[in-house]
Amino acid sequence: MDIKKDIIESYNRISPYIHKTPVITSTTINKITGGSLYFKCENFQKMGAFKMRGATNAILQLSSEQKQKGVVTHSSGNFAQALALAAKNLGVKSYIVMPSNAPDVKKSAVRGYGGEITECEPTLEARESTAKKIQLEKGATFVHPFNDFNVILGNASAGKELLEKHSDLDFIISPVGGGGLISGIALSALAFSNNCKVIGAEPFAVDDAYRSIESGKIEHNLTIDTIADGLKTSLGDITYNIINNHVEKIIRTTEEEIIAAMKLIWERMKIIIEPSSAVALAAILNSKTEFKNKKVGVILSGGNVDFKNLPFS
């Protein structure tokens with residue numbers, strides 16, 4: 001496969017439907033970390049997160065017949081909103097399976113984007129079986145939130161934009177949940193840089209990706225007790241293979257470090273990010289010596305925050 005060609009084609013395909021998000025720096029945060037940080041602000045992306053990129057690319061790759069029958073996914077949050085909005089923009093029907101305990105604000109957003117919600121029990125088994133039922137009944141095409149190569153290629157466009165603006169980065173730090181974002185970033189680094197290393201950032205509380213790389217097989221989380229609600233998902237086989245081959249390492253962070261990093265960005269950069277985004281800066285702050293005097297890209301993955309449940313006052 002020609003990864004560079006695939007990413008460029010995906011980028012050209014989705015460009016009319018996404019924002020080219022800005023890259024922002026902070027003199028204060030550079031002084032605190034000792035490095036030169038370049039924040040790729042996917043919190044400013046349509047629907048508030050990078051997932052708009054992958055969802056749009058996946059739908060655009062469908063045949064006319066598939067588009068006519070619609071798309072289906074299961075998600076409790078950002079990908080539900082991303083697929084619903086991408087489908088609306090492209091004139092495609094979307095069916096979104098959401099657990100009954102998903103926040104009302106996220107359900108409302110999905111409906112606002114034209115998605116038809118089917119609620120289910122809050123288990124992965126229930127989500128998958130409900131989505132399968134809709135596939136059979138409606139003929140809709142299932143789009144996986146992260147373990148889908150077209151989704152990953154769409155996400156890779158964020159890395160392409162960052163590296164075209166700053167081609168001499170030493171590192172790019174990305175949060176890790178299901179792995180769809182960091183897989184795309186890793187492929188972009190492979191295609192558009194000479195020696196930029198990609199590092200993952202993950203909470204200790206849900207460190208399945210860290211353990212998966214250590215053990216050589218996909219690991220799962222026994223608990224999901226973290227403020228970074230977008231990072232609770234385990235890797236898929238596609239994302240695991242990309243991470244295992246192209247990600248340098250994964251740095252783990254405490255809940256306290258995540259909250260402190262989130263507050264720092266809100267206070268100093270005056271931008272809204274969600275806790276999952278803050279994990280990337282938290283990893284840099286707890287490993288300062290590694291990034292001292294280095295040029296570091298930081299992926300701010302999203303800004304969809306529950307203002308009724310902020311971790312700081």
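Biologist: At what angle do helix 5 and helix 6 (residues 104–112) pack?

Modeller: In this predicted model, helices (H or I, at least four residues) and strands (E, at least two) are DSSP runs, numbered from the N terminus. Axes are lines fitted to C-alpha atoms, for helices over the stretch in contact, and angles run from 0 to 180 degrees between N-to-C directions. The axes of helix 5 and helix 6 are 8 Å apart, and the packing angle is about 10°.

Biologist: What pLDDT is needed for side-chain atom pairs to count?

Modeller: Residues are numbered from 1 along each chain as its sequence is written, and side-chain values use heavy atoms, with hydrogens and water left out. Because the model is predicted, totals for chains, interfaces and linings use all residues, local features need pLDDT of at least 70, and side-chain atom pairs count only at pLDDT 80 or more.

Biologist: Which residues of helix 6 meet helix 5?

Modeller: Contact means heavy atoms within 4.5 Å. By class, the contact of helix 5 with helix 6 has four nonpolar, two polar and two charged residues; Ala, Val, Leu, Ile, Met, Phe, Trp, Tyr, Cys and Pro count as nonpolar, Asp, Glu, Lys and Arg as charged, and the others, Gly among them, as polar. Helix 5 contributes Ala80, Gln81, Ala84 and Lys88, and they meet Lys106, Ala109, Val110 and Gly112 in helix 6.

Biologist: How are helix 1 and helix 3 oriented to each other?

Modeller: The axes of helix 1 (residues 3–14) and helix 3 (residues 51–60) come within 9 Å and cross at roughly 95°. Angles under 35 degrees count as roughly parallel, over 145 as roughly antiparallel, 65 to 115 as roughly perpendicular and the rest as oblique. Helix 1 and helix 3 are therefore roughly perpendicular.

Biologist: Which residues of helix 3 make this contact with helix 1?

Modeller: The contact has two nonpolar, three polar and two charged residues. Helix 1 supplies Ser10, Arg13 and Ile14, and their counterparts in helix 3 are Arg53, Thr56, Asn57 and Leu60.

Biologist: Which residue of strand 4 stands opposite valine 72?

Modeller: Strand 3 (residues 71–74) and strand 4 (residues 94–99) run parallel and are joined by four bridges. Opposite valine 72 stands tyrosine 95.

Biologist: Which residues of strand 4 cover its two faces?

Modeller: Buried means under 20% relative accessible area, exposed over 50%, and partly exposed in between (1.4 Å probe, protein chains only). Six of the six residues of strand 4 are buried, so this strand is largely enclosed by the rest of the structure. On one side are Ser94, Ile96 and Met98, and on the other are Tyr95, Val97 and Pro99.

Biologist: Is threonine 130 buried or exposed?

Modeller: Threonine 130 lies in helix 7 (residues 124–138). Leaving aside neighbours within four places in sequence, threonine 130 is in contact with Val97, Thr118 and Cys120. With a relative accessible area of 17%, threonine 130 is buried.

Biologist: How many residues of helix 13 are buried?

Modeller: Among the buried residues of helix 13 are Pro275, Ala280 and Ile284. Helix 13 is largely enclosed by the rest of the structure, because the buried residues number ten of the eleven.

Biologist: In strand 9, which residue is the bridge partner of glutamate 202?

Modeller: The open sheet of six strands has the order 1-2-10-7-8-9, with mixed pairing. Strand 1 (23–24) and strand 9 (249–253) are its edge strands. Strand 8 and strand 9 pair in the parallel sense over five bridges, and the partner of glutamate 202 is arginine 252.

Biologist: Is histidine 220 buried or exposed?

Modeller: Histidine 220 is placed in the loop between helix 10 (208–215) and helix 11 (237–246). Not counting residues up to four places away in sequence, histidine 220 touches Asp208, Arg211 and Ser234. At 51% relative accessibility, histidine 220 counts as exposed.

Technical notes:
Pairing = 2+ DSSP bridges.
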